[in-house]
Amino acid sequence: MTSTSAPARRGLPHPGELSSSQKLMVFVLSMTTFGLANIITEVLPSIQVGPIELSISYLAFVPVVMVSLFHPLYAALGAPLGEIIFVDLLMGNFSGIGELEGYIQLALGLYIGGSLVRDPLRKWQVALAAFVAVFIDKVLGGITDIVKVLIGVADAEFVEGLPESIIVLEAVEQSVDIVISGILFGAIPAMLLAPRLHGKIEPLLGMAPRTPDVPVARRARMSAPFVILGLILALVSVVAAILDELDLNGIVLEGEFVEVYGPQILWISVGVALTILVIAILVGRARARKALEAKGAAADAARAATPAATDATPDA
């Protein structure tokens with residue numbers, strides 16, 4: 001399967017030339033789609049096997065498709081916010097500063113994973129992005145849990161008489177999550193969806209599809225500054241988790257609306273997310289239409305001016 005150069009084909013900006021409004025639309029699209037996906041996971045059952053819980057942490061393929069098709073930075077920043085707004089905040093389970101832990105870990109994983117994709121039509125690149133994104137998120141989460149236990153702010157679940165077993169149990173739990181969320185509900189559906197959606201939804205927001213011949217600017221690179229930044233962000237997520245355990249969260253919302261009003265309260269989040277999604281698409285299409293009309297008018301003016309300039313040139 002070959003890809004064409006969409007930027008030249010349709011006159012639309014590629015991911016490295018997006019305007020501020022288009023970056024915002026990518027952010028909002030990623031936020032709303034992942035928010036809707038997390039609403040679905042709220043009603044899915046989980047299975048407890050001893051200290052290990054078998055559940056779907058999140059439908060990873062949704063944000064992975066976003067970071068594979070669009071600019072990975074803006075899509076990665078938007079996706080985790082969808083869970084915070086449409087699930088935690090609207091469902092009365094907002095933990096303030098503690099939300100930074102999950103936001104930073106998932107956003108960092110998605111950004112790195114999306115930056116690995118050069119061509120969304122190559123399924124193995126999209127599958128790798130999904131695995132890497134979930135792997136980073138879960139590993140950072142596991143390390144954070146162990147740190148909280150080691151400094152004494154969280155209770156540990158370990159085999160009696162073997163306190164060291166917390167590391168083994170944490171590794172098993174995170175490995176299970178990586179398999180479920182990263183492969184079964186991440187890599188497999190993402191590698192099937194991304195090539196099919198490539199070139200179909202990007203023009204709706206007024207931008208060209210990603211192609212291998214046009215590298216995405218500001219993607220994650222294995223450099224010393226980026227590694228240092230990643231370590232700093234990981235440390236910030238650990239601090240946020242510790243503050244959460246110490247109940248130093250600032251603004252907190254603990255309404256537990258689902259338990260009080262029942263699962264039907266989830267429809268409020270669905271309605272809000274769908275409304276924002278439709279508005280973002282309509283605004284994107286309107287802006288894309290205006291941009292293309294402006295470019296067409298400028299091209300027509302340039303063509304009209306060329307013969308006039310030629311005629312005005314005196315003969316030698």
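View 1. At 34% relative accessibility, Phe 131 counts as partly exposed, a class lying between buried (under 20% relative accessible area) and exposed (over 50%), with a 1.4 Å probe and protein chains only. Phe 135 is likewise partly exposed, at 39%. The model is predicted: local features need pLDDT of at least 70 and side-chain atom pairs count only at pLDDT 80 or more, whereas totals for chains, interfaces and linings use all residues. Residues are numbered from 1 along each chain as its sequence is written, and side-chain values use heavy atoms, with hydrogens and water left out. Because Phe 131 and Phe 135 are 4 residues apart in helix H6 (residues 123–150), about one helical turn separates them.

**View 2. The aromatic pair of Phe 34 and Tyr 58.** The whole structure holds 3 aromatic pairs, in which ring centres of Phe, Tyr or Trp (its six-membered ring) lie within 6.5 Å; planes under 30 degrees apart are stacked, over 60 edge-to-face and the rest tilted. In one of them, the ring centres of Phe 34 and Tyr 58 are 6.0 Å apart and the planes stand at 75 degrees, so this pair is edge-to-face. Distant parts of the chain are linked here, 24 residues apart: Phe 34 belongs to helix H2 (residues 20–42) and Tyr 58 to the loop between strand S2 (52–54) and helix H3 (61–69). Helices (H or I, at least four residues) and strands (E, at least two) are DSSP runs numbered from the N terminus. Phe 34 is buried at 0% relative accessibility, and Tyr 58 is buried at 5%.

**View 3. Ring geometry of Phe 131 and Phe 135.** The ring centres of Phe 131 and Phe 135 are 5.9 Å apart with planes at 20 degrees, so the pair is stacked.
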